Amino acid sequence: MRFLFKTDYNQDIRLAKHGGHVFWYGLLCLFMVAAPWLVQEYWLAQFTFVLIYAIVGLGLMLLAGFTGLFSLGHAAFLGVGAYTQAIMVNAGFPFPLALACAGLLSAAVGMVVGLPALRVKGIYLGMATLAFGFIVEEGMARWESVTGGNAGMMVNYPALFGWELDTPTEFYFLCLLVTVLCTLGIVNLLRSSTGRAFVAIRDSEISAQSMGIHLARYKTMSFALSAALAGLGGALYAHQIQFLSPDQFSLLQSVDLLLMIVIGGLGSIHGAFLGAIFIIVMPQLISIGKDFLPAVIADATGLKGVVYGVVLVAIVLFEPMGLYGRWLKIRTYFQLFPFYRKGMFKRQKSFQKSDRLK
Amino acid sequence: MQLLQLLISGVAQGCIYGLIALGFVLIYKATETVSFAQGDLMMVGAFAGLATMTVLGFPFWLSVPAAIIAMGLFGVVLERVVIRPILGQPAFSIVMLTIGVGYVLRGLITMIPDIGTDTHTLPVPYAGEVIRLGALVLSAEQVVVIGVTVVLCAGLFAMFRYSKLGIAMQAASQNQLAAYYMGIPVKRINGLVWGLAAAVAAVAGLLLAPITFVHANMGFIGLKAFPAAVVGGFGSLPGAIVGGLIIGIVEALAGFYLPEGFKDIAPYIVVLFMLVLKPNGLFGEKLRKKV
Amino acid sequence: MTVATSDAPVLKLLNVESAYGPIKAIRGVSLQVRRGEIATVLGSNGAGKTTILKTISGIIDPRKGSIEFKGEPITAQDPAFIVQQGLSHVPEGREVFPLLSVRDNLLMGAYTRKDRDGVARDIEVVFGYFPILRERAAQDAGLLSGGQQQMLAISRALMANPDLILLDEPSLGLSPKLTKEIFEIVVRINRERGTTILLVEQNANMALNASDYGYVLENGRIVMEDTCARLREKDDIKEFYLGMKEEGVRADRRWKKKKNWR
Amino acid sequence: MNHPNIPIEGRAPVQGAVEPALPGHQRRPLGGDAAGGAGGILLSANNLSVRFGGVLAVNNVSFDVKRGEVFTLIGPNGAGKTTVFNLISRIYTPTTGHIGYAGPDGMLKLTEQPPHKIASLGIARTFQNIELFEHATVLQNLLIGRHTHRKTGLWSELFFTGKTRAAEIEAREKVEHVIELLDLQHHRESMVAGLPYGVRKVVELARALCTEPQLLLLDEPSSGLNVEETDDMAFWITDIKNELGITVLMVEHDMSLVSKVSDRVLAMSMGEELATGTPAQVQAHPGVIEAYLGSVDDVSNLRREHQKTARVTA
Amino acid sequence: QTQGVTKDEIVLGSIQDLSGPLAGFGKQVRFGMMLRVDEANEQGGINGRKIKLNVEDSGYEPRRAVLAAQKLVNQDKIFAMVGHIGTAQNMAAMPVQFQKNVINFFPVTAAREMYEPFHKLKYSFAATYYDQMKAAVPLLVKEKGAKKVCTMYQDDEFGLEVFRGAEEGLKSMGMQFAEVTTFKRGATDFASQMQKLASSQCDFVVLGTIIRETIGGIATAKRLGFNPTFLGSSAAYTDLIHKLGGPAMDGLYATMTVQNPYLDAASQPIRFWANKYKTKFNEDPTVFSVYGYSLVDSFLRAANKAGPNLTTDSFIKAMDTMVIPPDMFGSSEMTFGPQKRLGSNATRLSQLENARWKVVSDYFKVN
Ligand SMILES: Nc1ncnc2c1ncn2[C@@H]1O[C@H](COP(=O)(O)OP(=O)(O)OP(=O)(O)O)[C@@H](O)[C@H]1O
Ligand SMILES: Nc1ncnc2c1ncn2[C@@H]1O[C@H](COP(=O)(O)OP(=O)(O)OP(=O)(O)O)[C@@H](O)[C@H]1O
Ligand SMILES: CC(C)C[C@H](N)C(=O)O
Ligand SMILES: [Mg+2]
Ligand SMILES: [Mg+2]
């Protein structure tokens with residue numbers, strides 16, 4: 001067990017709270033930087049996907065986990081970012097410019113979507129974003145002259161004044177850089193007044209308002225930031241997948257994103273990353289697991305859905321705080337090692353109360 | 001005349017949406033969660049009907065109640081196994097659960113060798129029959145849907161409004177703790193609700209089967225029923241029907257008069273308009289927290 | 001009809017211990033409430049009064065100990081089952097059904113009852129106690145004022161016509177006049193129907209006057225128990241619960257005298 | 001009913017014996033100059049009415065709150081007290097009437113301000129049914145209270161510039177003052193969800209204080225507190241008035257607290273104004289006694305000893 | 001050294017929709033491929049190398065197709081991708097493959113992008129929807145003497161290809177569509193579309209539909225008393241149309257290449273093959289099973305021809321002079337060359353009669 005003696009207000013503000021943090025995160029950074037030389041190309045591509053999804057997850061986490069606004073149309077922002085990037089890069093703009101535009105355009109769209117969010121909550125907000133998602137998807141399919149419609153469009157390699165990032169390693173580093181920057185930005189935001197305002201809105205709108213928080217502005221801001229991150233993620237996604245078609249940004253994708261952060265652990269930054277790892281690694285595990293199953297089951301077409309669903313159900317049932325919650329428990333267990341008592345994390349009986357009046 | 005025929009098609013389609021939306025509203029009113037598994041329960045219901053008719057060889061009139069009862073029981077079991085353990089957690093957890101359950105159901109159905117991945121027809125006696133009123137035509141399938149929807153809606157409405165059980169369901173959803181304090185058997189009632197919802201889903205599945213065939217992905221039509229429920233106001237049963245009709249009619253008219261592509265997004269545009277104009281839907285309760 | 005207090009306990013707690021996660025809220029609490037009596041639990045904030053009541057009605061499962069109601073064990077049973085045995089609970093913080101009408105709220109109070117006539121009669125009775133509820137019978141309970149909701153919460157518990165009522169701070173947010181009336185009603189119900197009552201109340205003056213027997217809870221433990229008549233005379237009780245202080249004791253306001261039973 | 005018009009100190013109020021006046025704390029003369037010395041009108045409600053469907057919750061109520069005083073609203077349940085608070089914090093809009101407020105830039109119509117502006121005008125409140133941010137620590141709750149004083153924008157926060165850091169530390173210092181004042185050190189890092197009711201009440205007060213208000217609205221600050229804690233609350237309220245110079249408008253049912261801290265009292269009933277004056281004056285008003293106080297002289301008649309005789313005769 | 005070829009093994013990859021909207025087809029293609037692979041391995045493989053086929057599921061989602069392709073290409077190290085289903089899915093997966101020089105062999109979709117623009121690693125066998133329609137529409141319109149030709153198609157790339165082909169075909173005879181209407185994938189209600197077509201008095205309707213939409217559309221039309229000539233593409237040429245739609249579907253025309261292998265087919269080899277399939281997988285074979293079977297067959301021919309030193313280059317070299325003769329299912333002859341990457345664009349017409357597909361024309365093709 002670690003005890004921290006606090007002597008300075010700065011200590012509560014600092015990113016790394018103690019030496020352990022510095023050590024472990026340093027190690028992680030080192031590994032991530034060395035990854036291209038440590039793992040196979042296939043796994044590097046998976047790492048890249050994890051980073052991209054983590055960026056999107058961060059955005060959705062900000063919106064759903066910290067502001068309490070659930071979006072069922074987040075794939076649309078992903079799509080806006082992806083198409084913006086693809087169109088601009090294909091037209092020969094340098095990729096940093098394209099990336100910025102992708103983020104900004106998504107943010108702008110996010111603000112527009114934020115508008116109904118000012119008036120509706122809970123399930124109604126879910127439906128508003130869902131409806132919006134459908135409309136954007138349809139828009140991407142219909143605006144053929146720009147998006148290539150349902151035929152889809154190919155995406156060039158990101159290029160900067162003649163330098164093409166056409167190897168997986170180069171692109172991986174680009175993603176790593178963007179991810180680190182985004183994460184730092186969000187962490188910073190959450191430890192300052194804007195982040196607290198988001199949390200306040202999540203917990204009680206009425207008292208947030210009486211504390212002087214402009215609900216409309218902050219909800220819109222949350223939507224915009226979240227959309228911007230989704231847009232950035234989308235832009236990188238476009239390069240990673242190299243082929244865009246509207247159906248990649250459908251409701252299923254939105255649901256997947258939501259599942260990702262729930263599985264990771266709502267309301268924590270770590271959750272976004274753990275969720276991203278889960279969503280990329282899970283299919284691989286299933287196909288590895290297939291080899292150990294009898295052919296009848298292994299070859300059955302629904303296996304993946306079943307496993308996916310069962311895991312999701314299991315996580316919600318047994319680990320309501322998601323993977324991050326599980327991790328916390330494991331950590332506590334080791335920290336307390338001989339003194340860990342059973343029932344320390346025993347779930348209390350809890351009682352649902354109407355969300356309709358919030 | 002043409003307009004009239006369009007309207008009739010719209011109404012028929014709208015009743016289908018309304019019928020599925022009834023299931024959403026039922027669950028929402030009684031547990032305050034949104035069940036994303038409703039469409040999949042409907043699909044399983046249709047497969048159950050298919051099984052009783054083709055595998056067990058029951059006649060139509062017997063297999064329909066058999067399938068409905070079987071699904072009702074299935075709903076009860078489902079509640080017992082997956083929902084009950086987290087009863088009382090925030091509604092959002094249960095929403096996630098239903099998504100998971102939906103995946104599992106769809107996966108399990110597709111895992112059935114030879115049957116799961118295929119499309120089937122449900123041999124109903126009234127299949128293909130057409131009712132003509134002058135120049136207007138209405139298929140028997142649609143008439144049955146309209147009829148059953150109306151009856152079901154009225155029944156559920158009466159239950160929630162007048163019966164002690166129905167009020168208790170709402171009470172349990174609004175404040176579970178207080179419901180326990182009142183001696184309302186929250187768990188049993190919750191089981192009942194899911195059983196009922198599964199039975200309603202089975203009815204929807206059986207009625208829909210002759211129109212859209214039976215296949216593992218037939219539950220996706222639920223995505224159109226969401227707008228219906230929202231437009232009507234998520235907590236209102238008659239709202240579900242009215243919402244369904246609005247969506248159905250808008251779709252029919254948009255498909256005919258508006259440029260291509262609008263038919264499919266028209267429902268969602270209606271939803272957005274609705275949420276901006278009347279955020280709680282046509283019949284939704286006006287909610288405001290009193291501090 | 002009169003039921004004198006008898007020695008047979010209606011409710012009996014033995015060594016009960018309950019916790020919220022790792023935090024133990026009550027430890028080794030033993031208490032009993034005799035038939036027909038009004039018992040009260042006093043204690044400062046966070047002492048665990050609410051926790052005791054919640055443990056009795058099964059909202060929290062105790063870690064240890066046993067609870068008997070009318071001679072039957074009800075330890076860690078489903079709350080709905082416990083209530084059906086004839087126990088009803090006025091929870092802390094009102095907890096009405098916000099979107100049901102006042103009348104439906106009352107009907108839910110009588111959920112466990114089968115006699116329609118009796119229910120109809122009791123609705124009239126509580127409407128008699130609180131006429132405002134009759135006026136607002138069709139209004140959503142969530143829109144009532146704080147005090148009106150408290151009246152509803154109490155009425156709702158009375159609707160069950162129980163053998164034992166657990167009252168958690170019934171006077172919370174009520175006007176002085178109504179506070180008095182509430183206690184009169186409590187005493188009257190106890191007297192007329194023979195209903196046993198376990199009362200938790202910050203207004204110790206009222207509580208000690210209305211009850212027969214009292215327990216004092218500190219930090220999750222029962223530190224004192226006696227008849228109310230005797231408790232009223234104790235110095236500690238006088239000082240800490242009735243607010244009767246020696247002159248000058250409070251001169252330095254941040255200074256708090258150590259309670260001498262600790 | 002026939003109640004002798006005894007002065008308040010002579011009467012045993014609900015909570016038992018009454019405190020003698022405290023040394024070092026003199027009661028301000030009625031309507032007199034306040035701590036700030038300005039003595040002007042801070043808030044004036046003019047002919048406020050609100051109707052909810054068939055219920056006239058507030059009916060043509062007018063009152064003025066002077067700078068530096070403690071002004072208390074009392075009245076039976078459902079009299080419309082909380083509704084008045086909600087009008088001031090712009091959760092409701094009056095059907096008729098308006099509220100004037102002496103803001104930083106002179107008198108303005110509060111009823112024309114957007115709800116989120118109220119806090120930055122210097123009005124903070126607590127709620128009857130505690131509305132804290134449940135899934136945050138006490139410290140975070142209080143820091144949220146500093147929102148109106150934030151000095152940094154989105155971009156500087158994203159990069160956590162030196163300015164942001166300084167602002168954070170400054171906010172923390174301010175919050176620590178409040179923690180100190182209200183003795184909350186012990187609960188600084190606790191999650192609000194697990195705190196006892198009484199502590200939450202204090203946290204809510206602390207959060208309101210963190211906004212550094214001109215006017216503090218307290219809705220039943222003592223409900224759910226025992227005598228001792230109510231006493232603490234009384235001291236805090238006087239401190240807030242005297243030391244911080246904050247004007248307090250409060251709703252309260254505990255008459256001992258009301259008499260102890262308020263300068264003036266307004267009694268309401270059925271949405272209407274019933275009486276105004278010093279605590280003693282109002283409590284002596286027959287209408288107030290009739291509708292609100294009841295005959296609170298002796299509670300010992302509840303005792304079983306009395307019932308026994310009653311039962312015999314029954 | 002080429003990846004995926006070892007001394008005694010050739011690793012092939014395929015991506016099918018095993019859980020999505022085309023799961024039925026995906027499964028059948030897979031079974032067809034497995035049947036041929038097993039046959040080959042029983043006979044000792046190709047030049048002493050056994051065939052290993054790794055099938056991944058895309059659920060008909062491009063994103064998952066990319067992931068699957070990355071796995072097959074970079075981890076399983078496949079030699080070639082065979083029979084990958086779906087247009088968008090192929091489009092998404094091809095860059096991954098081409099980066100590693102992995103051939104995209106005979107994808108199961110009839111989109112033009114499967115061989116255009118030219119890439120040395122693309123090989124396609126399916127007469128495109130575009131060509132099918134461009135050739136078939138004028139032919140049938142003339143035969144029926146239709147005046148008002150209309151269309152209803154799925155508003156995705158597949159439907160659009162059908163539409164464009166038909167439009168070209170009409171243009172070649174100086175006609176235009178009188179009415180055009182679309183629907184979204186997965187739609188179940190076609191009332192407004194059919195009413196639109198009916199109110200324009202169409203007498204010939206080109207269907208850019210697959211299964212359920214074909215049936216739903218025609219059934220709706222029948223109910224409204226609207227009975228034009230319906231022509232579908234090879235995507236609608238499946239036994240499911242009559243199995244599900246029943247006799248109401250009679251009269252529908254569809255373009256096609258290989259025949260549906262009915263268990264009681266007139267041709268003895270087909271009957272034998274169909275029963276073998278049925279015994280092995282316990283379900284009736286369909287035209288998609290035939291696609292799977294034949295495409296592996298074609299691959300094996302080429303691999304065999306490439307000789308013991310199998311590399312991507314030697315395979316391409318072998319394909320450069322490849323001629324695949326008509327098979328028992330009635331395919332047309334396919335030829336390939338250094339620049340010719342589509343085997344054949346010839347199709348013929350079938351019509352539903354008494355709930356069974358009947359070939360009603362010879363092969364024809366656009367010039
Ligand atoms: N949900 C919870 N999670 C964690 N701890 C809790 C929770 N509820 C109560 N506690 C803790 O349990 C202890 C007892 O609380 P309880 O509510 O029983 O006190 P009480 O005597 O009823 O106080 P009050 O007079 O404020 O109502 C307190 O220390 C409190 O902090
Ligand atoms: N939003 C609303 N809709 C309908 N009626 C309301 C609403 N808000 C308040 N009321 C009614 O207005 C009246 C005044 O309520 P208010 O909450 O102001 O009472 P109060 O004086 O604070 O009472 P208490 O002391 O019980 O808290 C009550 O009768 C209440 O039912
Ligand atoms: C199998 C085919 C019906 C697939 C379809 N041609 C597509 O492009 O997706
Ligand atoms: Mg309590
Ligand atoms: Mg109030």
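At roughly what angle do the axes of helix α5 and helix α10 of chain B cross? They cross at roughly 155 degrees and come within 8 Å. This is a predicted model, in which local features need pLDDT of at least 70 and side-chain atom pairs count only at pLDDT 80 or more, while totals for chains, interfaces and linings use all residues. Residues are numbered from 1 along each chain as its sequence is written, chains are lettered from A and ligands numbered from 1 in the order written, and side-chain values use heavy atoms, without hydrogens and water.

**The helix pair in chain B**
- Helix α5 covers residues 140-162 and helix α10 residues 237-257; their crossing makes α5(B) roughly antiparallel to α10(B) (an angle over 145 degrees).
- On the α5(B) side, Thr149(B), Cys153(B), Leu156(B), Phe157(B) and Phe160(B) meet Leu237(B), Pro238(B) and Ile241(B) of α10(B), contact meaning heavy atoms within 4.5 Å.

**The magnesium ion (ligand 5)**
- Its protein donors (N, O and S atoms within 2.8 Å of the metal) are Thr82(D) through OG1 and Gln128(D) through OE1, at 1.9 to 2.2 Å.
- Thr82(D) sits in helix α1 and Gln128(D) in the loop between β6 and α3 of chain D, so the pair ties together parts 46 residues apart in sequence.
- Thr82(D) counts as buried at 10% relative accessibility (buried is under 20%, exposed over 50%, partly exposed in between, with a 1.4 Å probe and protein chains only), and Gln128(D) counts as buried at 5%.

**The magnesium ion (ligand 4)**
- Thr50(C) (OG1) and Glu92(C) (OE) coordinate this ion at 1.8 to 2.0 Å.
- Thr50(C) is buried at 15%, whereas Glu92(C) is partly exposed at 26%.

Note on methods. Axes fitted to C-alpha atoms, helices over the stretch in contact; angles between N-to-C directions. Helix = DSSP H or I, 4+ residues; strand = E, 2+ residues; numbered from the N terminus. Parallel < 35°, antiparallel > 145°, perpendicular 65-115°, else oblique. Donors = N, O, S within 2.8 Å, 3.2 Å for Na, K, Ca; no water.
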